[in-house]
Amino acid sequence: FRFQVNPPLKLRPYQEEVCNIVLHNYQIKSGVIVMPCGSGKTMVGCKICVIARQQTLIVTTRQPQQWKNTLVDKFKISESEIHILGETTPSNYLQPIVITTYSMLCTQGFHTTLVLLRQNEVGLVILDEVHTSAAQQYMYHIEHNIPFRSCIGLTATPLREDDGFDRINAVVGPVLHVVDKQSLETQNFLAKVTCFTYIVPISQQLASIGGRVADLNPYKMDATELTLRHLLQHKRKTLLFCDDIECLQVMHMFLTRNGLPISGPIHMKTNEKNRQEAYSAFTNNENGCVLALSRVGDDALDLPEASAILIVWNRWKSRRQIMQRIGRISRPGRPAIVIIILSNYEKELVVQNYREKYLKEQKYALKTQMFEDSIYKDKFKLRNSCIEKRENALLEAYENLQKTHGKAKRQKT
C-alpha cells in the first residue's frame, strides 16, 4: 500500500527515535514500546503505520475514531483507505488500515472484514494500550485468529497485577524501548504533576457498616465540593473519578444541586451520544469545569484541556490505573494536580499506602494532609455543624433499604 503523506510529518525527537527503533532499515521489529501518557503514543503508532506501508490492523480499547482522525488530519490519509470495524459499512475487500476495539475483535457474529482479516496475513498489528491485550479472551483471538507478520504494542503502563505481561512477551515480543518520563518533563514535553492526598474524618458507625454507606461519608462529600470550588476558582478543568457507579451518580447529583458546573456522569452504561455531549461541554467551556467519570476514563480518553484530577472512590490496588489517570493530565501546559480524598479508615488507607509507595518509586511529588488542617479548614469547619444531620439521614436510608431487602427475601422464600 502506498500512502501519500505530503508534506512528511516531522514528530518530536523522542517520537522519531521510537519510529527509527521499530522501523530499522524499513524492517519492522515486533515488541512493546513504553511511552508516558500524554507523550504521543497515537502519533507514533500512526507514523509507524504510514512508513511501514503494510496491511495494518489497529486495536484499541475505546475511541477508534481518535486513531482515524489522527491518520486523516495529521498524516493526510484518505478516509477511503481506513475502515472502522462495526462503525462503517463493511466492504468485500480490506482497506489498507482497519481499526477496531478489543471487544469487537472478539465478536462471534459474522462480519466481512473480520473474515477477511482471518483469511489473509496482516502485515502489521498495532495494539494500543497493549496491557489490555493480556486478557485471556483478547490474547487468544490475537494469537490464533489474526495471522500477522509483525506486531507493535503501545503502553504507558507496562504493569499488571497478574502474569499478563508474560503472555504479551510471548505473543507480541519484548520491550523494545522505554521513553523516560522525567526527561520529557525537563524538556517541557510533559507537565509536572503533584499528587495531594487529603484525609477526612469518618464516624465509627459509618466505618463499621462500610460499603457504599462509608463511601458516601458526608465529610468526604463536603471535602469534594470545597476542593472542586477551589479548582474552579483557578479555572482548572478537572476530571472527577469515582469507580462505583451508584456513588458516582449520587456525587454528581450532590454537586449539581450545589451549583457546580459538572458534566456527565460517564460510565459503562452511558451511550455514545451522551458521552460525546459531555466531552464537548467539558472541552468547550472556557472557564473551569468538571467532568464526572467512572473508570471508563482510564484509557483512550483524549481531553488535553484537563489539568487536574480528583479521585473520591478508588479501592483497587492497581498501579497501572493511577498511572493512567495521571497521564490524562500530563500534556504540556500548566503544572498538573492529582487530588485523592480518603476517609480515615483502614480499608481506604491500606490501598492508598500501596499506591503511594509506587508513585514515590516513579519520583512523583507527594503531599498528604488531614483535610481539617488544609487550606480549606475554615470553610470545612463551618460545614461540620450539619454533618450529624446528614449522617443520620444516610443511616436512616440504609436501615430502610435493609428492611426492604429483608422483606423481599422473606416473601421470596
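Visitor: Where is Gln-55 found?
Guide: Gln-55 sits in the loop between α2 (41-52) and β4. Helices (H or I, at least four residues) and strands (E, at least two) are DSSP runs, numbered from the N terminus. Please note that this is a predicted model, in which local features need pLDDT of at least 70 and side-chain atom pairs count only at pLDDT 80 or more, while totals for chains, interfaces and linings use all residues. Residues are numbered from 1 along each chain as its sequence is written, and side-chain values use heavy atoms, with hydrogens and water left out.

Visitor: Is Gln-55 buried or exposed?
Guide: Gln-55 is buried, with a relative accessible area of 11%. Buried means under 20% relative accessible area, exposed means over 50%, and partly exposed lies in between (1.4 Å probe, protein chains only).

Visitor: Which backbone oxygen does the side chain of Gln-55 reach at 2.8 Å?
Guide: That is the backbone oxygen of Gln-95.

Visitor: You mentioned α2. At what angle does it cross α3?
Guide: The axes of α2 and helix α3 (residues 64-73) cross at roughly 60° and come within 10 Å. This makes α2 oblique to α3. Axes are lines fitted to C-alpha atoms, for helices over the stretch in contact, and angles run from 0 to 180 degrees between N-to-C directions. Angles under 35 degrees count as roughly parallel, over 145 as roughly antiparallel, 65 to 115 as roughly perpendicular and the rest as oblique.

Visitor: And β4, which strands does it pair with?
Guide: Strand β4 (residues 56-60) pairs with strand β6 (residues 97-101) in the parallel sense over 5 bridges. β4 is also joined to β7 by 4 bridges, and these two run parallel. Two strands pair if DSSP finds at least two bridges between them.

Visitor: What stands opposite Leu-57?
Guide: In β6, Leu-57 faces Val-98. In β7, the bridge partner of Leu-57 is Val-125. Val-125 in turn stands opposite Cys-151 in β8, and β7 pairs with strand β8 (residues 148-155) in the parallel sense over 6 bridges.

Visitor: How many residues of β7 are buried?
Guide: In strand β7 (residues 122-128), 7 of its 7 residues are buried.

Visitor: What is the order of the strands in that sheet?
Guide: The order is β5-β6-β4-β7-β8-β3-β9, an open sheet of 7 strands with parallel pairing. β5 (82-84) and β9 (175-178) are at the edges, each with a single partner strand, so one side of each has no neighbour in the sheet. On average, neighbouring strands of this sheet are turned by 15° against each other, direction ignored.

Visitor: Which strands make up the other sheet, the one with β12?
Guide: Its 7 strands form an open sheet in the order β12-β13-β11-β14-β15-β10-β16, with parallel pairing. The edges are β12 and β16, each with a single partner strand, so one side of each is left without a neighbour in the sheet. Strand β11 (residues 237-242) pairs with strand β13 (residues 289-293) in the parallel sense over 5 bridges, and Phe-241 has Leu-293 as its bridge partner in β13.

Visitor: New topic: how many disulfides are there?
Guide: A search of the whole structure finds 0 disulfides, a disulfide being a pair of cysteine sulfur atoms within 2.5 Å. For Cys-151, the nearest cysteine sulfur, that of Cys-49, is 13 Å away.

Visitor: Lastly, which bond joins Gly-264 and Pro-265?
Guide: A cis peptide bond joins them, with omega about 0°. Pro-265 lies in strand β12 (residues 262-266).

Conventions. A polar contact is a pair of N or O atoms within 3.5 Å; within protein, one must be able to donate a hydrogen and the other to accept it, and residues adjacent in sequence count only if both atoms are side-chain atoms.
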